[in-house]
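Let us walk through this structure together, going from the overall fold to single residues. Please keep the view at hand and turn it as you read.

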Amino acid sequence: MPSQVITFIFCLVNTSAVTSALNCYTCNNQRDNELCNSFTNSPANSRGSRDRDRPTMCSHSTDDACFTQVERLPIGQIYTKGCINLERCEKLQELNNKEQCAKTPSDCTYCCQTSNCNANNGGVSKRGHVTRLLVMLMLVRI
């Protein structure tokens, strides 16, 4: 009887390890964080399809983290997200110049390790979008 309990526990642990795969939001070069989160890249549709808030399951055995890359340009932010190896992501994140990441132009990477953790905008303030839009509108009026 005790060996049956041990076998059951072993199977339960192995099953939970398999079902706890990491899910990350995935997109390439999107101008809006919410739009970025609405794309799903899957093996069935490698070009990505619009499927609101449906993160991609990381399939590569070494992809143990999610990332958000934010490129800040004079015309706005460009978002790229996906699955990545944590060690590689941390190396990219170390290249971030913390002071420069809040400025334009910049290119910064942010890492996280739980499912759906890269839903946020990588620290970009929405206020920045509104301020930039107001400045552009004032320039058009002049």
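Two strands count as paired if DSSP finds at least two bridges between them. Helices (H or I, at least four residues) and strands (E, at least two) are DSSP runs, numbered from the N terminus. Before we use these terms, a word on the source: this is a predicted model, in which local features need pLDDT of at least 70 and side-chain atom pairs count only at pLDDT 80 or more, while totals for chains, interfaces and linings use all residues. Residues are numbered from 1 along each chain as its sequence is written, and side-chain values use heavy atoms, with hydrogens and water left out.

Let us begin with the overall layout. The protein has five helices and eight strands, which follow one another along the sequence as α-β-β-α-β-β-β-β-β-α-α-β-α. Of its 142 residues, 30% are buried, where buried means under 20% relative accessible area, exposed over 50%, and partly exposed in between (1.4 Å probe, protein chains only). A contact here means heavy atoms within 4.5 Å. Among the contacts with a separation of 6 or more, 61% link residues 24 or more positions apart.

Now to the sheet. Four strands form it, in the order S2-S7-S6-S8; the sheet is open and the pairing antiparallel. Strand S2 (27-30) and strand S8 (106-112) are the edge strands, each with a single partner, so one side of each has no neighbour in the sheet. From one strand to the next, the twist averages 15°. Strands of a sheet pair through backbone hydrogen bonds, either parallel or antiparallel.

S2 and S7 run antiparallel and are joined by two bridges; Gln 30 has Tyr 79 in S7 as its bridge partner. Next, S6 and S7 pair in the antiparallel sense over nine bridges, with Thr 68 opposite Lys 81 in S7. A hairpin of two residues connects S6 to S7. S7 is mostly covered, with eight of its nine residues buried. Finally, strand S6 (residues 65-73) runs antiparallel to S8, and seven bridges join them. Arg 72 finds its bridge partner in S8 at Ser 106. Helix H3 packs on the sheet, where H3 touches S6, strand S7 (76-84) and S8, and its direction makes about 145° with that of S8. For such angles, axes are lines fitted to C-alpha atoms, for helices over the stretch in contact, and the angles run from 0 to 180 degrees between N-to-C directions.

How many salt bridges does a search of the whole structure find? The search finds one, taking a salt bridge as a side-chain nitrogen of Lys or Arg within 4 Å of a carboxyl oxygen of Asp or Glu. Its partners are the side chains of Lys 91 and Glu 87, at 3.6 Å from N to O. These residues are four apart in helix H3 (residues 86-94), so about one helical turn separates them. Both Lys 91 and Glu 87 are exposed.

Turn next to the interior. A nonpolar core is a set of buried Ala, Val, Leu, Ile, Met, Phe, Trp, Tyr and Cys residues joined through side-chain atoms within 4.5 Å. The largest one has six residues: Leu 22, Cys 24, Cys 58, Cys 66, Cys 112 and Cys 117. Leu 22 sits in the loop between helix H1 (2-19) and strand S1 (23-24), and counts as buried because its relative accessibility is 12%. Leaving aside neighbours within four places in sequence, its contacts include Met 57, Cys 58, Cys 66 and Thr 114. Leu 22 and Thr 114 are 92 residues apart along the chain, yet their C-alpha atoms are separated by 6.7 Å.

Cys 58 belongs to the loop between strand S5 (56-57) and S6, and is buried, with a relative accessible area of 9%. Not counting residues up to four places away, Cys 58 touches Leu 22, Cys 24, Asp 63 and Cys 83.

One last stop is Asn 37, in helix H2 (residues 33-37). Asn 37 counts as buried, at 7% relative accessibility. A polar atom of the Asn 37 side chain lies 2.9 Å from the backbone oxygen of Ala 119.

Terms used. Polar contact = N/O pair within 3.5 Å; in protein donor to acceptor, adjacent residues only side chain to side chain.
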